[in-house]
Amino acid sequence: MPTPGNLQVTTPSDREIAMTRVFDAPRALVFEALTTPELVQRWLLGPPGWSMPHCEIDLKVGGAYRYVWRNDEKGMEFGTGGVFREIHPPERIVHTEQMDGVPGEALNTTLLTERDGRTTLTLTMLFDSKEARDGALGSGMEKGVAVSYDRLADLLASAPVGKD
């Protein structure tokens with residue numbers, strides 16, 4: 001089991017990236033933080049200096065989501081969106097992801113497993129091609145994910161105990 005606070009990034013196949021992080025929180029709380037727009041806007045921000053002015057989540061199979069980030073200093077924006085394919089609270093979410101201006105889409109599977117009050121989050125991204133996967137790896141996205149997951153850990157640590 002990975003150590004809390006450390007993001008592990010692997011490439012299980014030539015089209016996949018898997019990112020794993022352990023949080024000191026029950027999985028129901030982690031699931032809520034992943035699927036509630038007001039909470040997502042507090043932690044899924046990437047590097048310092050970015051905000052998320054738009055976060056829409058229609059959490060149902062066939063429902064869509066849309067995130068738009070803004071570089072607060074430069075005013076530059078970009079976004080991503082997709083459709084939910086599977087939702088099994090509080091353990092599994094499968095959705096498509098299409099980044100603005102980037103061809104193709106990824107199929108993302110998030111698994112949450114809980115043991116002794118800790119939740120292991122594993123996000124596996126399946127890309128259309130090896131080139132698309134390599135492009136994502138080359139973008140440095142794991143640095144933004146690591147910073148965002150640090151914020152998520154802080155948010156979870158401040159959450160009320162016993163919330164389901």
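I began with the lining of the largest pocket and found that its largest share, six residues, comes from α4; helices here are DSSP runs of H or I with at least four residues, strands are runs of E with at least two, and both are numbered from the N terminus. I kept in mind that this is a predicted model, in which local features need pLDDT of at least 70 and side-chain atom pairs count only at pLDDT 80 or more, while totals for chains, interfaces and linings use all residues. Residues are numbered from 1 along each chain as its sequence is written, and side-chain values use heavy atoms, with hydrogens and water left out.

I then looked up the volume of this pocket, which is about 1,100 Å³, taken as the space filled by probe spheres set on grid points that are joined across faces, edges and corners. Of the 46 lining residues, the closest to the centre are W69, E97, M99, M125 and M141. A pocket is an open set of points on a 1 Å grid over the protein atoms alone, where a 1.4 Å probe fits, with protein on both sides within 12 Å along at least five of seven lines, and lining residues have an atom within 4 Å of a point.

I turned next to the sheet, where eight strands form an open, antiparallel arrangement in the order β1-β2-β8-β7-β6-β5-β4-β3; two strands pair if DSSP finds at least two bridges between them. β1 (8-10) and β3 (50-57) stand at the edges with a single partner strand each, so one side of each is left without a neighbour in the sheet.

P26 sits in the loop between β2 and α1 and counts as partly exposed because its relative accessibility is 34%, the class between buried (under 20% relative accessible area) and exposed (over 50%), with a 1.4 Å probe and protein chains only. Leaving aside neighbours within four places in sequence, P26 is in contact with E114, G117 and T119. T110, placed in strand β7, counts as buried at 8% relative accessibility, and its contacts beyond four places in sequence include L34, E91 and L121.

Conventions:
Contact = heavy atoms within 4.5 Å.
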